[in-house]
Structures are given as structure tokens and as C-alpha cells.
Amino acid sequence: MLSDHFKLDVQPIATEEAIVTAPHARFTLLTSRLLRLEYSPIDRFEDRASQVFWYRAQPAPAFEVERSADRVVITTAELRLTYRCTAQGFTRQTLSIEVKATGQTWKYGDRGEWKNLRGTARTLDGVNGALGLERGLLSRDGWAVVDDSTSLVFNEHDWLEARVNGDSRDLYFFGYGHDYVAALQDFYRVSGRTPLIPRYILGNWWSRYWAYSQAELLDLMRDFKSHEIPLAVCIVDMDWHVTATGNDASGWTGYTWNRDLFPDPAHFVAALHEQGLRTALNLHPADGVHPHEEPYAAMAQALGVEPATQQPIDFDIADPQFIRAYFEILHHPFEQMGVDFWWLDWQQGTRSKLSGLDPLLGLNHLHFYDLGRAGARRPFIFSRWFGLGNQRYPIGFSGDSVVSWASLAFQPYFTATASNVGYGWWSHDIGGHMQGIEDGELYARWMQFGVFSPILRLHSTNNPYQDRRPWLQDAATFAVMREALQLRHQLIPYLYTMAWRNTAEGIPLITPLYYEHPEDENAYRCPQQYRFGTELLVAPFTTPIDPDTGLSRQSVWLPAGHWYNFFTDDHYTGNRWITVYGALDQIPVFAQGGAIVPLAPRGSGGGTGNPATLEVHIFPQHDHRFELYEDDGETTAYQRGQHCLTAFALQVRDHGVDFTLEPGQGAVSVAPPQRTYRLIFHRVTQPAEVEVTVNGVPRELASHYDETRLRFTLEVIATPIDSVAIAVRPSAGPWLAQDDRRAERFRQMLRTFRLESDRKREIDERLADILADPTVLKSLGAGVKDAHVAALQSLLE
């Protein structure tokens, strides 16, 4: 029997009001668009929680049932199910469901491969570029089906076992049309939500497959600090333990510190904590426990093996007795020493001694619940994805990808599409893991993508020529990398708020654009861009710099509305494709008009806690509201109301804007007792009048207007319970700046071109004509290549 902390709080039995029966069949209306379809020739239906579906006790939706001698028709507001009762049970001729929103009709057996929007994959191990993805929960057909017939179920001891129900069928039909977000949210309701991750894991991680000594690794952490690169997590790969076993063990599995490399493990872990870092140890459990291990005797005795026999103890994820000893003897002592979590590196297939139990599923489930066994600690894991249901156990690492531009180009799509199975917390080996050709530009672009991905983790294999220390690059590339890694820590207040949204609302941090624009064909044709939370759109550069232009290129689809380059404030109208060019230090990130983006200030020490100073970047195009989420970042106290929401409200007037910082709601004690808010309004004219009140009392505040960048900055110091109202009024006309930056951008681009200098001067002399008539670009003469023309043309569109 498993320990008490593995007991599940699930609600697998559906309400009777939501169930419709027919001969040998049972239909459960989990929502008006999510149906469970069961057939059992022996009338034995499954009410226990399965591997995927835990919460079938949902409120019954409105529906109607029509019955005849051999037919049952169930109609909801969105679906119409027709079942013809025959001895054959579920067949293509007997069971169908019409999705009213799309007019599509599913028939039993249809898989919907062609228009399925795909999901994710178990691993990118050894992948160079793209690989095929598993089917997801979303489809342009408007429906998707999950076959749960053969999955294991949880027994009365809260562990998995096989079903005993004969030749039965158990399907879940998602009929959401193109309301993709609703489909995903209902999947979370029935399968289980993604728990809130600890705040610190949103910072930068270091990892490398390398036989570091204790002193070397601590020195390396200090090197990061001396190079002004913030870190939050230091992973120790497999050489922390003994690998030269002297027996039949491969050395990949280990539970004994390598004292040659780590003479004082407790001091090592404590020293990492003193530097403000969290740590995890790599874990390959497949080899079990061999007699060279320090905990061998205790494991042998716990499992009824005489230690003197030196008999290896097999890894057996299906055996509750082994599971208890596995955690209590092999893992808890390390956690008592201070190890914060485990890197579960299971690579040994999907079979175990219990048919149907994937060891990866068992490990992910058990390690998640075990890490949270005390109740106060917020659990998470670091492992591969086993399939649907894994969203309950964040986070994932995608495996050992090959170093190549093709691998980088695939990862934005791979990451965004994982949301189609509810999996929002992938961590990639930034820079690539192995093989390939090392390239500073490629590494820098990968790192920039990492900044705008769920988890940023530097990692590589044990090849001395594959080293992810950023300062080993040339000075210019290193400067770009340091800027990116510092920006990542600045983003943590925004990222953590989006992590809360994932938990509370069922929307992952990164989503494809068709979630918001399902009827626009363009949204399905931009695989290298994605929404990054509520405020931003990201389209990272994933191809090398062109030798003629000196710039990278990315095609970007901007949905309808107004958009701003997050870094330069350049304005774009949406509902069109644009071509973006950028030097190595530039990243295509766009803020939607009205966006409010909270950041930690640059140079704030690189910590991950709730900052005492907060930069709030505001793009005052239209009314908008953003709620900043904060809690203690580590414990489960947030589940008991110990969290705070601070709202920023923007109202655009005919003549200026009103901006309100509302009093915090909830447990305001989790926020700093006093905070400096640096409010930065982007792309605006200099205001003529600014009025500020704090709790209704007028206050004079320091402000600054940057004429070059067209930004207005205002600083206010407030407590979490203060109400701050700001009214900004321009001297005349709209507050948004209407400047034309085309000439400035044109000259900046021209300077990067690989082009004879006199030709550049001649082109510059014709700039006024080009701006008036872009067709002049086609007649620029000798030396000007198509790449040059295309780049300049992009500025004039």
C-alpha cells in the first residue's frame, strides 16, 4: 500500500442527471460539448478515475433525449448525438455526433488526422529539426476524440491497475467547433488543472552533462554573478553520483555521492542556497539499486532481500512496497540535505511489470505527490511528457536535441502546439544539446527564444567543444546573451502572473494565434510565432543573418488592431503580414495596443521574489486592465487565499489617459510593504498636465519625458492598500505620438548592408523620392541585390 500522501482527491463519478443509458451503452454529458461514450457488452461501466480523467462529477448541462424502439438521440445546445441500438454496439453505422458550430458529423471510428492541430511529443532526443507530433484535443473539423478504453484506473489504494470490463469502449468526444480555449478549459476541468509552479523556476537555469567537482561548480556559479548574469537554478547532472560501479550496473543510475568530486555534499548544497540558488540532481532510476550503493542494505532489508546475497534490486514502479522504499530510503535523505527537486531522466521505454503502465507516468505522478508530502511545499517535477494528463505534473524537459538552425526553428511551433494537449511548461536545452556545428549567432538566437519560452535552461552534452557559458562567445555576442538573460529575470512578475492564469483560467503561457483568431486562415500559417501571455506576441528569429543585409528576417502576421515593437515602440497596424528584420541584439516582440506589462527593474540583483520596484510598461492605445498576481512563491498557502491581486486600469480619453493603480485584493502582506512603481508610457507626446492622487490626496511626483524615445515616465511610491489615480493630459490633440520613423529606420538598415559605401550614399540622397514612391527601390542600380531591396521595402509597407 502506498503512503498516505499519495491519496488522491478526485471526483470520478459523474452525476446521475448527466447520464443517458441505452442497451449496453452509457453516455455522460460532462459539458454541453464534452461527451463520454461507453459501450460494454457485459454492462460493466467504469466509474474509477483513469490515468487521464479524474473529475467527471461536473454539473449536468441542459439537454434533451429522444427515444424510439432502436434509437437514442441526445441534443445539447452544441451537439446532436444519434445512436442506433444494435447487437454490434458502437460502429460507424450506429454512432454519430453532429457538431452544430461547424456542420461536421463525426462517425464512430473517425480519427480526424488531417485537420487535427496536433499536440506534443514525449521527447526531442536525437531530433535534428522537426518530428511528428501526437494528436491534440483541437481540430479544424471542430471535434477530437480521446480513446480511454485501455488506460489504467486508480483502485481503492490510489494506485493504478488494469480494467476488468471485457471488450468495452470508453471514448471522450470534444465537440467545440473552433472555440479552442473552451475545449482546453473543459479538458482541465475533467482531467485536472495545471498546478501553480514555484516562482523561482521562472528564472535562468544552468545545467551541463559534465563531471564538475564541488569546487568547480561553486566557482562557476560565482562566475555567472561576476559576469552580471542572474541564475535561479543549478542542476547537477549524473556525475554527482558514483558511475564506476565495479559490477553489472551501467553507472547511469546512482544514489551514492561521488566523494572524489563532492567531498562534502551537505556543504555544497548549502553553499548553492547561500548564493540564492535552488538545485536538483539528475536521476536515472531504471537500473534499480546495486550492492555498491550506500543505501543498498536498507533497500534490501525493506524489500525482503538478504543484503549478504548482493542481489541487485530491480526497479519496479508497479510494486507499492518498492515505491515506498524508493522514496523513503533513496530520495528523502537527499531532500533532507537540501536538494530542492529531482530531474527525472527516464529513457528506457514504456513498459513495466504492470501491463499498460508507462514507467514515466508512474514516476511523474509519484514524484509530484511525494515532493509535496508535507503539505506546505508546492510540488513540481522536471521530467518528460508521458501523454494526456501530464499537465497535472509540471514541468517538462524536451530532451537532447541536435544543435542546428532547423532544431531552433521547430521549437516555437513545438512549444505553442503543446498547449493543444494542455501542456504549457516545456523546458528546452537552450543552444541545443549535442552534435551539430556550434555557432555563436545560433546560440544567441536560441537564448532569445528561451527568454520568451516557458523555462530558460542552458544545457549541453559532455563535449568540451559544446559549452554554454555565455562569456566564452565573442564580446558582442556575449553582450547580447547577457542582455537576454537579464531580461528574463525582469519578466518574472509578468511570467508569474501568467502562470497563475494557467492555473486559475486554464490558458497556458504560450498559445498559437488560432486560439484568438480561429476563423482567420492566417492564424494557422504562422508556426513560428505565438501569444506570450495576455499582452505580447513573439516571433523569434530562427534563421541566420543574411550576409548581404547583415540582418535576420522573420515574416510575422499581426492580427487586427494596433501593435508596437516592445523594444523600439515602432507602430504597426494589424490584420496583415509584415516582414521584420533585425540585428543580433533585436527580438521581434510586439505589444498589443493597450498592453500593460509589469517588469522587475534591470539591475535589481537578479532575484526572483516580489520586487520592491516595479516597472509598468503601458502602450496607451485603448482601455485595458491587467491584474498582477503575487504570493509567497513557494508554498501551498495560495490555495488558502494567501495571494494578492493588484490591478492596473487604463482608460483612454479623447484628450489624454487615466491610469489607476487599485488597492491590492487579498493577502496584501505577500507584497512588499512599500513599492516604487515606475510607470512608463510608450510612444506618447510630452504631456502638458499630470495630476496624481494617492487615496484621494493630491501628490507631486517626479516625472521625465524622453524626447528621443517618446516615453513618459512617472514614479510613485505606494503601499499595497493605496489607491493611486493618474490623469495625463497632452497640450493638444491625441497623446499618442504620430511621428514618421521610416527615414531613421531606413538609414539604420542601410548601415548594416554589405554594399559599397558610395552606393549607400547615393541611395540615401534619393531617400525623399523613395519615401514618396517606394517603386523607386526597383531602380537603385548596380550592386543593390534583391535582399537589399526586400529589406528596405519592408520599412515602407
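Q: Hi! Where is Ile395 found?
A: Ile395 sits in the loop between α7 (359–371) and β17. Helices (H or I, at least four residues) and strands (E, at least two) are DSSP runs, numbered from the N terminus. This is a predicted model, with local features needing pLDDT of at least 70 and side-chain atom pairs counting only at pLDDT 80 or more, while totals for chains, interfaces and linings use all residues. Residues are numbered from 1 along each chain as its sequence is written, and side-chain values use heavy atoms, with hydrogens and water left out.

Q: What joins Pro394 and Ile395?
A: A cis peptide bond, with omega at about 15 degrees. Most peptide bonds are trans, and most residues other than glycine have a negative phi.

Q: And which residue has a positive phi although it is not a glycine?
A: Glu228 is one of them, at about 60 degrees. Glu228 lies in the loop between α2 (214–226) and β14. Asn575 also has a positive phi of about 60 degrees, and its place is the loop between β25 (571–573) and β26 (576–582).

Q: Back to Glu228: buried or exposed?
A: Exposed, because its relative accessibility is 51%. Here buried means under 20% relative accessible area, exposed over 50%, and partly exposed in between (1.4 Å probe, protein chains only).

Q: You mentioned β17 and β14. In what order do the 7 strands of the open sheet come?
A: The order is β16-β15-β14-β13-β19-β18-β17, with parallel pairing. Two strands pair if DSSP finds at least two bridges between them.

Q: Which strands stand at the edges?
A: β16 (341–344) and β17 (396–397) do; each has a single partner strand, so one side of each is left without a neighbour in the sheet.

Q: How many bridges join β13 to β14?
A: There are 2, between residues 204–206 of β13 and residues 233–236 of β14. Trp205 has Val233 in β14 as its bridge partner.

Q: How do β4 and β5 run, parallel or antiparallel?
A: β4 (residues 64–67) and β5 (residues 71–75) run antiparallel, joined by 4 bridges. β4 and β5 form a hairpin with 3 residues between them, and Glu66 stands opposite Val73 in β5.

Q: Switching to helices, how many residues of α11 are buried?
A: 12 of the 14, so α11 is largely enclosed by the rest of the structure. Among them are Tyr494, Trp500 and Arg501.

Q: What does α11 reach from its first C-alpha to its last?
A: α11 (residues 492–505) reaches 19 Å, close to the 20 Å expected at 1.5 Å a residue. The expected span is 1.5 Å times one less than the number of residues. Just after α11, Gly506 takes a positive phi of about 75 degrees.

Q: At what angle do the axes of α10 and α11 cross?
A: At roughly 50 degrees, and the axes of α10 (residues 475–490) and α11 come within 5 Å. The contact (heavy atoms within 4.5 Å) involves Arg488, His489 and Gln490 of α10 and Ile492, Pro493 and Leu495 of α11.

Q: Last one: which residues touch the most other members of the largest nonpolar core?
A: Met221, Phe341, Phe452, Phe532, Phe648 and Phe659, out of 158 residues. A nonpolar core is a set of buried Ala, Val, Leu, Ile, Met, Phe, Trp, Tyr and Cys residues joined through side-chain atoms within 4.5 Å. A second, separate core of 49 residues includes Val146 and Cys526.

Definitions and conventions. Axes are lines fitted to C-alpha atoms, for helices over the stretch in contact, and angles run from 0 to 180 degrees between N-to-C directions.
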